[in-house]
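Subject: Structure handover

Hello,

Please find the structure we discussed below. My notes on it come after.

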Amino acid sequence: MRFKSSIVAAAAFTAFAAVVATGGSAHAMANLQNCSKAAAGPLCLYYNSNNKGAHVGVQGDVYNYGIAMTPLADPGIKFNNNGAGGGKYVKNAVASVYNYDTYMGYYVYVNSGYAGPFDAWPPYGYAGSRQWFGNLNNTYNNNASQARH
């Protein structure tokens with residue numbers, strides 16, 4: 001009987017590990033953080049135009065804004081402060097962004113899986129321009145994923 005219990009336990013652990021590994025792999029590089037300038041800073045997503053309202057910093061590639069960043073977490077990324085839009089889900093609700101990463105640019109895509117029309121944001125301070133922040137155009141309130149470039 002002990003042998004059978006060990007097999008069941010091992011199978012359960014293997015299934016759990018596979019779920020965790022699969023769920024985490026699409027978001028392995030992404031994490032939520034405060035919006036602030038750093039060498040590997042986040043893409044700050046804002047609820048309103050002109051970098052106003054509720055916001056959240058998301059660093060790295062995100063396959064789908066509507067999927068939890070970690071297993072057993074709330075299903076989707078939310079704006080994390082009490083400004084306009086605070087507590088709402090990010091997917092299809094971002095109006096403007098600010099790229100705080102000093103080395104990497106970001107694409108924001110209409111569809112999950114880095115697909116469809118996108119808006120591109122160069123690294124912070126790139127070539128002396130101010131194009132690393134502003135309102136979304138192709139993906140305004142219609143955004144589902146982001147990827148570094």
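Predicted model: local features only at pLDDT ≥ 70, side-chain atom pairs only at ≥ 80, totals over all residues.

As background, strands of a sheet pair through backbone hydrogen bonds, and the pairing can be parallel or antiparallel.

Strand E4 covers residues 96-99 and is joined to E2 by 4 bridges, the two running antiparallel. Leu43 has Asn99 as its bridge partner in E4, and Cys44 has Tyr98. E4 also runs antiparallel to E7, with 3 bridges between them. On that side, Ser96 is bridged to Asn135 of E7.

The side chains of E4 are divided between two directions: Ser96 and Tyr98 point one way, Val97 and Asn99 the other way. Are these four residues buried or exposed? All are buried.

The disulfide

How many disulfides does the structure hold? It holds 1 disulfide. The cysteines are Cys35 and Cys44, with sulfur atoms 1.9 Å apart. The disulfide is right-handed, because the torsion about the S-S bond is about 80°. Cys44, the residue bridged to Tyr98 in E4, has 0% relative accessibility and therefore counts as buried.

Gln146

Gln146 lies in strand E8 (residues 145-148). Its relative accessibility is 0%, so Gln146 counts as buried. Which side chain does Gln146 meet in a polar contact? The partner is Tyr65, and the contact between the two side chains is 2.8 Å.

Leaving out residues up to four places away in sequence, Gln146 touches a list of residues that includes Leu43, Leu45, Val58 and Val62.

The aromatic rings

A pair of aromatic rings is described by two values, the distance of the centres and the angle of the planes. Over the whole structure, a search finds 11 aromatic pairs. One of them is Tyr107 with Phe118, a tilted pair at 4.6 Å centre to centre and 55° between the planes. That pair links distant parts of the chain, with Tyr107 in strand E5 (residues 106-111) and Phe118 in strand E6 (residues 115-121), 11 residues apart. Phe118 also pairs with Tyr109: the centres are 5.6 Å apart and the planes are at 50°, so this pair is tilted.

Tyr109 is buried, its relative accessible area being 10%.

Which residues make up the ring cluster? Ring pairs link Tyr63, Tyr107, Tyr109, Tyr114 and Phe118.

Most residues other than glycine have a negative phi. Asn50 has a positive phi of about 60° and is not a glycine. Asn51 is another such residue, with a positive phi of about 55°. Where does Asn50 sit? Asn50 is in the loop between strand E2 (43-48) and strand E3 (52-59), and Asn51 is placed in the loop between E2 and E3 as well.

Asn50 has 52% relative accessibility, so Asn50 counts as exposed. Asn51 has 17% relative accessibility, so Asn51 counts as buried; the cut-off for buried is under 20%.

Regards

Note on methods: Residues numbered from 1 in each chain as written. Heavy atoms only, no water. Buried < 20%, exposed > 50% of the residue type's maximum accessible area, 1.4 Å probe, protein only. Disulfide = S-S within 2.5 Å. Phe/Tyr/Trp six-rings, centres within 6.5 Å; stacked < 30°, edge-to-face > 60°. Pairing = 2+ DSSP bridges. Polar contact = N/O pair within 3.5 Å; in protein donor to acceptor, adjacent residues only side chain to side chain. Contact = heavy atoms within 4.5 Å.
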